[in-house]
Amino acid sequence: MKNKSTLIPILLIVIITATYLLLKNETNEITESKDAQLILTRSNMIKIKGSFITYGLQFGNYPSAKEGLSVLAKSKILNHIPRDGWNSEILYRNPPLNKNCKSYELVSLGADKKQGGKKYNADIVLCGDAD
């Protein structure tokens, strides 16, 4: 009987430890997934910015806000307009709202798809300026 009474606490410790490790691993995967969404968003914004450089060389200026990003597909510079990591449209503002941006800005509203926010919900802004 004595062996059975010591086995139960050991089994409980093993179960609790295994549960903790599984949850910790799942949390890491969620964080990695969110990080991947941020990386994809930035990558797609850089792709659009590169396409604007090509557009500027061909047409001598950046598209107007009214023309928007769709002009990149219409002019055959891009096959399609990339979206952010949360499958939302990347916003194009010309003139930019951000005072640090001089020519235009590309904006993702983040995971919550609302202006502002913190961490994964924060807006991601890429200025079109060369510097």
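Q: What makes Arg 93 and Glu 105 a salt bridge in this predicted model?
A: The closest N and O atoms of Arg 93 and Glu 105 are 3.2 Å apart. A salt bridge asks for a side-chain nitrogen of Lys or Arg within 4 Å of a carboxyl oxygen of Asp or Glu, so this pair qualifies. A search of the whole structure finds one salt bridge.

Q: Which parts of the chain does the pair of Arg 93 and Glu 105 link?
A: Arg 93 belongs to strand 1 (residues 91-93) and Glu 105 to strand 2 (residues 105-108). The two residues are twelve residues apart, and the pair links distant parts of the chain. Arg 93 and Glu 105 are also bridge partners.

Q: How do you know whether Glu 105 is buried or exposed?
A: Glu 105 has 1% relative accessibility. That value is under 20%, so Glu 105 counts as buried too.

Q: What makes Cys 101 and Cys 127 a disulfide?
A: Their sulfur atoms are 1.8 Å apart. The cut-off for a pair of cysteine sulfur atoms is within 2.5 Å, so the pair is called a disulfide. A disulfide is a covalent bond between the sulfur atoms of two cysteines. By this rule the count comes to one disulfide.

Q: Which hand does the link of Cys 101 and Cys 127 have?
A: The angle about the S-S bond is -65 degrees, and the link is left-handed.

Q: Which parts does the pair of Cys 101 and Cys 127 tie together?
A: Cys 101 lies in the loop between strand 1 and strand 2, while Cys 127 is in strand 3 (residues 124-127). The pair therefore ties together parts that are 26 residues apart in sequence.

Q: How do you know which strands pair, and in what sense?
A: Two strands need at least two bridges to pair, and strand 1 and strand 2 have three bridges, so they pair, in the antiparallel sense. Strand 2 and strand 3 have four bridges, so they pair as well, again in the antiparallel sense. Among the residues that face each other, Leu 91 stands opposite Val 107 in strand 2, and Glu 105 stands opposite Cys 127 in strand 3.

Q: What makes strand 1 and strand 3 the edges?
A: Three strands form an open sheet in the order 1-2-3. Strand 1 and strand 3 each have a single partner strand, so one side of each is left without a neighbour in the sheet. Neighbouring strands of this sheet are turned by 20 degrees against each other on average, direction ignored.

Q: What covers the faces of strand 2, and how do you know?
A: In a regular strand the side chains alternate between the two faces of the sheet. Glu 105 and Val 107 lie on one side of strand 2, with Leu 106 and Ser 108 on the other. All of these residues are buried, and both faces are covered.

Q: What makes the pair of Ser 108 and Gly 110 a polar contact?
A: The backbone nitrogen of Gly 110 lies 3.3 Å from a polar atom of the Ser 108 side chain.

Q: Why is Tyr 62 called partly exposed?
A: Its relative accessible area is 30%. Buried means under 20% and exposed over 50%, so Tyr 62 falls in between. Tyr 62 is found in the loop between helix 1 (2-59) and helix 2. Not counting residues up to four places away in sequence, Tyr 62 touches Phe 52, Tyr 92 and Ser 103, among others.

Terms used. Residues numbered from 1 in each chain as written. Predicted model: local features only at pLDDT ≥ 70, side-chain atom pairs only at ≥ 80, totals over all residues. Heavy atoms only, no water. Buried < 20%, exposed > 50% of the residue type's maximum accessible area, 1.4 Å probe, protein only. Polar contact = N/O pair within 3.5 Å; in protein donor to acceptor, adjacent residues only side chain to side chain. Axes fitted to C-alpha atoms, helices over the stretch in contact; angles between N-to-C directions. Contact = heavy atoms within 4.5 Å.
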